[in-house]
Amino acid sequence: MTTAPPSPRLLPHPARDEIRLESVLHALSDPVRMRIVSELADAEAALSCSRFDLPVTKSTSTHHFRVLRESGVIKQAYEGTAKMNGLRREDLDALFPGLLDALLTAARRQTVRDTGA
């Protein structure tokens, strides 16, 4: 007898029609959160929280992920003991066409300008 694997535990997220532009812009106004979003945008799959090497404490990191989730920028689900993170690109592109790509491009240009790379 085989049993189906347990479904991942889901955390509360806003529905697409509940995502507000001002919440998204607030979430993306922080450099650490923008870094998380940039890494998720470059990833081909969901990433665990531990995958990110952030210059903040674990509790502050948890706060940043929560702000991103509650604003509708990312989706989070537990897989075993790992909290997996994925970008809600489809939802954001449907609601605010071009916004995410424009912000990611601007963030990358700023990083290049700041590092001289």
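How many aromatic pairs does a search of the whole structure find? The search finds one aromatic pair.

## Basis of the model

This is a predicted model, in which local features need pLDDT of at least 70 and side-chain atom pairs count only at pLDDT 80 or more, while totals for chains, interfaces and linings use all residues. Residues are numbered from 1 along each chain as its sequence is written, and side-chain values use heavy atoms, with hydrogens and water left out.

## The aromatic pair

A pair of aromatic rings is described by the distance of the centres and the angle of the planes. The ring centres of Phe52 and Phe65 are 5.3 Å apart and the planes stand at 65 degrees, so the pair is edge-to-face. Rings of Phe, Tyr and Trp (its six-membered ring) pair if their centres lie within 6.5 Å; planes under 30 degrees apart count as stacked, over 60 as edge-to-face and the rest as tilted.

Phe52 sits in the loop between β1 and α3, and Phe65 in helix α3, 13 residues apart. Phe52 counts as buried at 8% relative accessibility, and Phe65 counts as buried at 2%. Buried means under 20% relative accessible area, exposed over 50%, and partly exposed in between (1.4 Å probe, protein chains only).

## The sheet and its helices

Helices (H or I, at least four residues) and strands (E, at least two) are DSSP runs, numbered from the N terminus. Three strands form an open antiparallel sheet in the order β1-β3-β2; two strands pair if DSSP finds at least two bridges between them. The edge strands, β1 (47-48) and β2 (74-79), each pair on one side only. Six bridges join β2 to β3, and Gln76 has Asn85 in β3 as its bridge partner.

Helix α2 packs on the sheet and touches β1, β2 and β3, with its direction at about 80 degrees to that of β3. Contact means heavy atoms within 4.5 Å. Helix α3 (residues 58-71) lies across β2 and β3 and runs at about 115 degrees to β2. Axes are lines fitted to C-alpha atoms, for helices over the stretch in contact, and angles run from 0 to 180 degrees between N-to-C directions.

## Helix α5

The buried residues of α5 (residues 99-115) are Leu100, Leu104 and Ala107. Seen down the helix axis, these buried residues fall within an arc of 65 degrees, so they line one face of α5; the arc is that of the directions from the helix axis to the C-beta atoms. Their cover includes α2 (31-42), β3 (82-87) and α4 (89-95).

The face of α5 turned away from its buried side carries the exposed residues Arg109 and Arg113. Just after α5, Gly116 takes a positive phi of about 70 degrees.

Key
Expected span 1.5 Å × (residues − 1).
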